[in-house]
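Q: Could you take me through this structure? I would like to begin with how the chains meet and then look at a few local details.

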2 protein chains.
Amino acid sequence: MSDAKFELYYWPGIPGRGEFVRLVLEEAGADWVDVGLQSGGKAVSDMIGKGPVPAYAPPVLKVGDLVFSQAANICSYLGERFGLVPSDEASRLHARQFQLTVADVVAEAHDTHHPIAVMKYYDEQKDAAKQRAEDFRTQRIPKFLGYFERVLKANTQGGGKYLLGSGFTYPELALYQLVDGLLYAFPNAMRRVSPEVPGVMALHQRIKERPRIAAYKQSPRAQPFNPQGIFRHYPELDDPNATK
Amino acid sequence: MSDAKFELYYWPGIPGRGEFVRLVLEEAGADWVDVGLQSGGKAVSDMIGKGPVPAYAPPVLKVGDLVFSQAANICSYLGERFGLVPSDEASRLHARQFQLTVADVVAEAHDTHHPIAVMKYYDEQKDAAKQRAEDFRTQRIPKFLGYFERVLKANTQGGGKYLLGSGFTYPELALYQLVDGLLYAFPNAMRRVSPEVPGVMALHQRIKERPRIAAYKQSPRAQPFNPQGIFRHYPELDDPNATK
């Protein structure tokens, strides 16, 4: 399919769950190719379910003969392989814990616009979406981001700046992408919540400015948020527009 | 807290996500204690958020000084530590892939009775629950169990019996518990779907008969499904009662 060492298979057109993998590959400076973006969605659907160990859904990563799936699983594999987390057991387990907790929020963010049926249109479930989005904005976002704020504070070794230990680790890329998605989808709600989680917002800004992440996000390889993805900006699902 | 080597912290009263961890500990014959069941919910809430790396939610596992969370993360740690998966990289990554895919279904099963707000009562979201449960029963259960059926078939080395390689591995405990929960919550739907996934149903039966699992499920350590848990049997959320 290509000469690149790492092949990512994910639907073209949205950042989606593939973006969590892309960020780790970019931060690592890996030799990788986005097969979906380069060859189209059929290459992705052909890969799902192929081989001795089928995937349920993309993202799928192919590294030589090794083919496996689940975004958090792939991110942890790459993060550990590229030394984006200390190699001791506790650090690895805690990094995976954070990655999986971000994945839980991502699933809930998706369900704000699809609370009833993933295969039906948003328009067919708008009323339930309004209710679920209100709960997500007022209860879940503060609770989840408040959790990561506590994690930053509890990590005294990191001086309130890092999730783990005394420096950057790969789950910070996931937390950055989550916050980025929330800022896109729920700008009003995030204007309200941000002051409560200054450490999380500062981390988001720091990751955004990392040279490889900044270069990637400005490249044609990065696909912008849009109303087909996990994070969608429907004004009726956000906080009412208060002051501005 | 105890002399046991492994301390599980999870809410008492329901199998919940803690059950996935309990099954691995039991199958491994580990020296473990269910702190929530033994000491009550306060011991669990005290442990969440404690220490240098807070948990978002239980289950939390404590092994000596190591404390970490996220059910799939804990199951993989234990499964690998106790040799319930081959030690090569591909097997470990595929086992984690399966464990995470089961976790995705578990989250969706929960949302059938709480499609709008996790902190509100079922009675406050019954209409949306009916719609979401119908989609889950008719679309999602067949799709997810059909996926695992394909995995069993694709694994020619396992003769259609095993998820991975030529023998039992720990994610089979998760798939067993998932099917068990679905049989409890959606008996009518499962009567309809089961014939389509004979391999999955045979695996469920095989795991149920494993001596340590059978002994555990009959012990006072095992807490039965009930209407407080993730898997809930509300007849109005199941398929209509067709023949019997």
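Predicted model: local features only at pLDDT ≥ 70, side-chain atom pairs only at ≥ 80, totals over all residues.

Q: How many residues of chain A are in contact with chain B?
A: On chain A, 41 residues are in contact with 41 residues of chain B.

Q: And how much area do the two chains bury between them?
A: Chain A and chain B bury about 3900 Å² between them, with 58% of it on carbon and sulfur atoms.

Q: How many salt bridges are there between chain A and chain B?
A: The count is two. In a salt bridge between Asp111(B) and Arg132(A), the N to O distance is 3.3 Å.

Q: Turning to H6 of chain A, where is its kink centred?
A: The kink, of about 40°, is centred on Phe136(A). Helix H6 runs over residues 126–154 and reaches 39 Å from its first C-alpha to its last, close to the 42 Å expected.

Q: What about salt bridges over all chains: how many does a search find?
A: A search of the whole structure finds 29. One salt bridge joins Glu19(A) and Arg22(A), whose closest N and O atoms are 2.7 Å apart.

Q: Why are Glu19(A) and Arg22(A) separated by about one helical turn?
A: Because they are three residues apart in helix H1 (residues 18–27) of chain A.

Conventions:
Residues numbered from 1 in each chain as written. Chains lettered and ligands numbered in written order. Heavy atoms only, no water. Helix = DSSP H or I, 4+ residues; strand = E, 2+ residues; numbered from the N terminus. Expected span 1.5 Å × (residues − 1). Bend = angle between axes of the 7 residues up to and from the residue. Contact = heavy atoms within 4.5 Å. Buried area = accessible area lost by both parts, 1.4 Å probe. Salt bridge = Lys/Arg side-chain N within 4 Å of Asp/Glu carboxyl O.
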